[in-house]
Amino acid sequence: MYKIFLLVFFVCLFCNLRADSSVKMAERFLGEGVSLADRGEFAESVKILNRALGILREFPSSHPLRVRIEKQLRITKGKSVVSRYENRSFRNKDSELLPLKNESKDYLVAQIFGKVSSRKVWLPRENLEFNNPVALGRRITVFPNAGVELVSNPTKHTVIRSLNASSIDLISSNEISLHSGFSLLGVYKNDHKFTVGAPQTSISINADTPFACLFEVATNGGLKSIALLGKITLTNEEHEIELLPGELCFAMPGGGFSRKMSVELSTLMVTSRLITSFGKPLPFMNKLKQQAMMQALRTRKRYRTVVGDAKNGTDFEVKVLESSKP
């Protein structure tokens with residue numbers, strides 16, 4: 001009887017160890033699959049996610065890890081379809097665009113005013129409305145006197161605002177491309193990397209904590225960046241610069257950055273329509289007010305200034321609104 005008990009005990013122990021090993025391996029494959037999908041390698045991602053499911057084939061279908069893997073597999077397959085369609089030349093062939101009922105809900109319209117359209121991949125939405133889905137691969141066009149706020153779904157950790165004759169492509173979950181106009185990006189996630197492109201340049205944003213920035217496409221094709229929240233590191237080709245809230249720089253065509261400048265956050269809060277034109281305030285508005293107060297205390301002499309466009313690599317428009325007492 002004692003020997004039978006020992007045999008049963010060791011069999012159960014072996015099964016538990018094997019199950020733990022399977023879970024760990026499946027989790028590793030899931031991580032690799034997500035990473036591959038983020039890089040656009042969808043076919044390889046699907047393969048490794050299927051391997052992860054194969055490892056868990058004896059686990060119940062309700063097992064949390066199986067549910068996560070199956071969900072990621074559905075998302076990856078959907079993005080693979082989008083990628084195949086995006087690489088085809090079909091801009092003027094609506095018959096080859098995907099139906100609206102199948103549009104992925106990667107982002108949702110949280111706020112909107114005026115005329116904003118959504119094109120590419122799926123059939124166009126000529127007039128976006130509140131709570132409409134906006135999938136990755138879409139090009140958002142914001143007409144004059146209009147604005148839109150998009151929130152990532154279901155995580156809600158990425159907020160994108162754009163207004164006034166702007167155009168923006170949603171490339172991936174951590175990349176956008178600005179063709180013209182003004183945009184605001186807020187990412188409420190630790191240890192995150194985001195890429196923002198412009199007609200003649202591209203920057204990578206790295207931050208250990210949640211961050212937010214304002215962006216404007218410059219006349220020279222570069223990108224004006226103003227940090228609002230968090231300590232961020234911008235990389236452009238081989239060049240790198242660090243921005244704190246209230247600091248501004250231009251990413252230049254061909255690589256590199258302009259000199260770093262400071263702007264008064266309290267002035268920016270009342271002059272930037274990306275902040276003031278929407279009915280509901282930004283999620284980090286209270287933190288922005290705190291940053292403005294801290295900046296005012298640090299600075300003995302302040303100038304209310306607006307930094308405008310970059311016409312070339314050396315000249316920037318700076319307008320002094322008024323000076324305050326030291």
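In β7, the bridge partner of T158 is V187. Welcome to a predicted model, in which local features need pLDDT of at least 70, side-chain atom pairs count only at pLDDT 80 or more, and totals for chains, interfaces and linings use all residues. Residues are numbered from 1 along each chain as its sequence is written, and side-chain values use heavy atoms, with hydrogens and water left out.

**Strands around β7**
- Strands here are DSSP runs of E with at least two residues, and helices are runs of H or I with at least four, numbered from the N terminus.
- Two strands pair if DSSP finds at least two bridges between them.
- Eleven bridges join β6 (residues 158-172) to β7 (residues 175-187) in the antiparallel sense, and the two form a hairpin with two residues between them.
- With β8 (residues 192-198), β7 pairs in the parallel sense over three bridges; here S177 stands opposite G197.
- With β10 (residues 211-217), β7 pairs in the antiparallel sense over six bridges, and G186 stands opposite A212.

**Helix α2**
- The 14 residues of α2 (residues 42-55) should span 20 Å at 1.5 Å a residue, and the end C-alpha atoms agree, being 20 Å apart; the expected span is 1.5 Å times one less than the number of residues.

**Cysteines**
- The whole structure has zero disulfides, a disulfide being a pair of cysteine sulfur atoms within 2.5 Å.
- C249 has its closest cysteine sulfur in C213, 9.1 Å away, too far for a bond.
- C213 is buried at 1% relative accessible area, and C249 is buried at 0%.

Terms used. Buried means under 20% relative accessible area, exposed over 50%, partly exposed in between (1.4 Å probe, protein chains only).
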